Amino acid sequence: EINLFNEKNNGESVSKIISESLVESCHDVSLGGILIAISKMCIMGKKGAKLNNIKGLTNKFDYFFGEDQGRYIVEVQKENLNKVNKILDENSVHYEEIGEVTEENLTYNDELKISIEVLNDAYTKWLPNYMDN
């Protein structure tokens, strides 16, 4: 369900924390959902991510691949987290801490462990590999 007020509010709030230099990187959640956005961030940053166990998760596929509008993945240094949380709270933006940056792999519990190299190959070489078959 589209909520234009929330989309605008979320976008303006993310823009504010970016303009205050509180963000390391940011990606919208659109095509492919949260997991694809995080994967792209891992590829571009050449870093991994350890995703938290999500509280109250009823359907992990909907959560990780849902293409809901007006959502962003925002990477924040720990020393900036309280400032960012304060801005988001003041603007009534729903947020959750979903993980942390790691050195090599994208992981989620025991269900997912994939290297950044494999992610990059899947992202950049899928079409040539598909055309060769």
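Is Tyr130 buried or exposed? Hi everyone, let's start there. At 59% relative accessibility, Tyr130 counts as exposed, because exposed means over 50% relative accessible area, buried means under 20%, and partly exposed is in between (1.4 Å probe, protein chains only).

A word on the model before going on. It is a predicted one, where local features need pLDDT of at least 70 and side-chain atom pairs count only at pLDDT 80 or more, while totals for chains, interfaces and linings use all residues. Residues are numbered from 1 along each chain as its sequence is written, and side-chain values use heavy atoms, leaving out hydrogens and water.

Back to Tyr130, which sits in helix H5, residues 116-132. Helices here are DSSP runs of H or I with at least four residues, strands are runs of E with at least two, and both are numbered from the N terminus.

Now the sheet. Four strands form an open sheet, in the order S4-S2-S5-S6, with mixed pairing. Strand S4 (99-102) and strand S6 (112-115) are at the edges with a single partner strand each, so one side of each has no neighbour in the sheet. From one strand to the next, the twist averages 15°; angles run from 0 to 180 degrees between N-to-C directions, and axes are lines fitted to C-alpha atoms, for helices over the stretch in contact.

In general, strands of a sheet pair through backbone hydrogen bonds, either parallel or antiparallel. Here two strands pair if DSSP finds at least two bridges between them. Strand S2 (residues 48-51) and S4 run antiparallel, joined by 4 bridges, and Gly48 stands opposite Thr102 in S4.

What lies across the sheet strands? Helix H2 (residues 33-45) lies across S2, strand S5 (105-108) and S6, at about 145° to S2. H5 also lies across S2, S5 and S6, at about 75° to S6.

Let's look inside S5, where we find Asn105. Asn105 is buried, at a relative accessible area of 17%. Leaving aside residues up to four places away in sequence, Asn105 touches Gly48, Ala49, Lys113, Ile114, Ser115 and Ile116, where contact means heavy atoms within 4.5 Å.

Last stop: two loops. Ser21, between helix H1 (4-19) and strand S1 (25-29), has a phi near 55°, a positive value in a residue other than glycine. Lys46, in the loop between H2 and S2, also has a positive phi, about 55°, without being a glycine. Ser21 is exposed at 61% relative accessibility, and Lys46 is exposed at 65%.
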